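My entries are set down below in the order in which I went through them.

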Amino acid sequence: LRFNRRLLTETLCKYPTTFDAFCELINNAVQAGATQVDITVDYVAEEKVSAIPFTFIEVRDNGCGVHKDDFEKKLLEVATDAKAGGQGIGRFAGLQLGKTLEIESCGKSPLSNGPATRTTVTLRRDLLAAGSNLAEQNIDVDYEEVEKHSTFFRIRVSDLYSENEIK
């Protein structure tokens, strides 16, 4: 499986501005039934010189979350049809803000008596660069079963682009 750079620039990072891409991450929380959305911006230490004032931007919500059994279909499949009326690309909006996405979610089992899981994955934009063979990439998806839980979804965007890198 190979991705052409156009997939990334014309489809996944299609938002007119970085603000629109950021708003898409918040919209995903609303669509997941969240009643609370927390936004965290971590600033670079004052003593460090950096072209970018932030180390990461994070959006966390208390929406329905994604269980490990649904994680690949709902989060790792590009243009998934998992959500009615959706395009299946909203979570990739973060790649318009930075080079690395860390996704963590706690979701209930699709089976009524199954355990809930907390699942994490890190995606890097360079894996979607022209000529990348995703079948050969090692994308680790970690999960653990959890007994007491509150569902949530968190996406952290890091390796943020400087003003000169934003396209």
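The entries that follow cover conventions, core, strands, surface and backbone.

**Conventions.** I am working with a predicted model, in which local features need pLDDT of at least 70 and side-chain atom pairs count only at pLDDT 80 or more, while totals for chains, interfaces and linings use all residues. Residues are numbered from 1 along each chain as its sequence is written, and side-chain values use heavy atoms, with hydrogens and water left out.

**Core.** I looked up the largest nonpolar core, which has 21 residues; such a core is a set of buried Ala, Val, Leu, Ile, Met, Phe, Trp, Tyr and Cys residues joined through side-chain atoms within 4.5 Å. Buried here means under 20% relative accessible area, exposed means over 50%, and partly exposed lies in between (1.4 Å probe, protein chains only). The members that touch the most others are L25, L97, L101, I103, L123, I155 and V157. Two or more residues each come from α2 (18–31), β2 (54–61), β3 (98–107), β4 (116–124) and β6 (152–160), where helices (H or I, at least four residues) and strands (E, at least two) are DSSP runs numbered from the N terminus. I noted that β6 gives the largest share, 4 residues.

**Strand pairing.** Two strands pair if DSSP finds at least two bridges between them. I found β1 and β2 running antiparallel and joined by 7 bridges, with Y43 having F54 of β2 as its bridge partner. I then followed β2 to β6, again an antiparallel pair, joined by 6 bridges, and here E58 has R156 of β6 as its partner.

**Surface patch.** On the surface I found a nonpolar patch of I39, V41 and Y43, with about 290 Å² of accessible area together. I39 lies in strand β1 (residues 37–43) and counts as partly exposed because its relative accessibility is 45%.

**Single residues.** V121, in strand β4, is buried, with a relative accessible area of 2%.

Which residue has a phi near 55 degrees? I found this positive value at D159, a residue other than glycine, whereas most residues other than glycine have a negative phi. D159 sits in strand β6 and is partly exposed, with a relative accessible area of 42%.

Notes: Patch = residues over 30% accessible without salt bridge, like charges linked within 9 Å, V, L, I, M, F, W, Y side chains within 5 Å. Areas by Shrake-Rupley, 256 points an atom, 1.4 Å probe, with all protein chains shown as cover. Salt bridge = Lys/Arg side-chain N within 4 Å of Asp/Glu carboxyl O.
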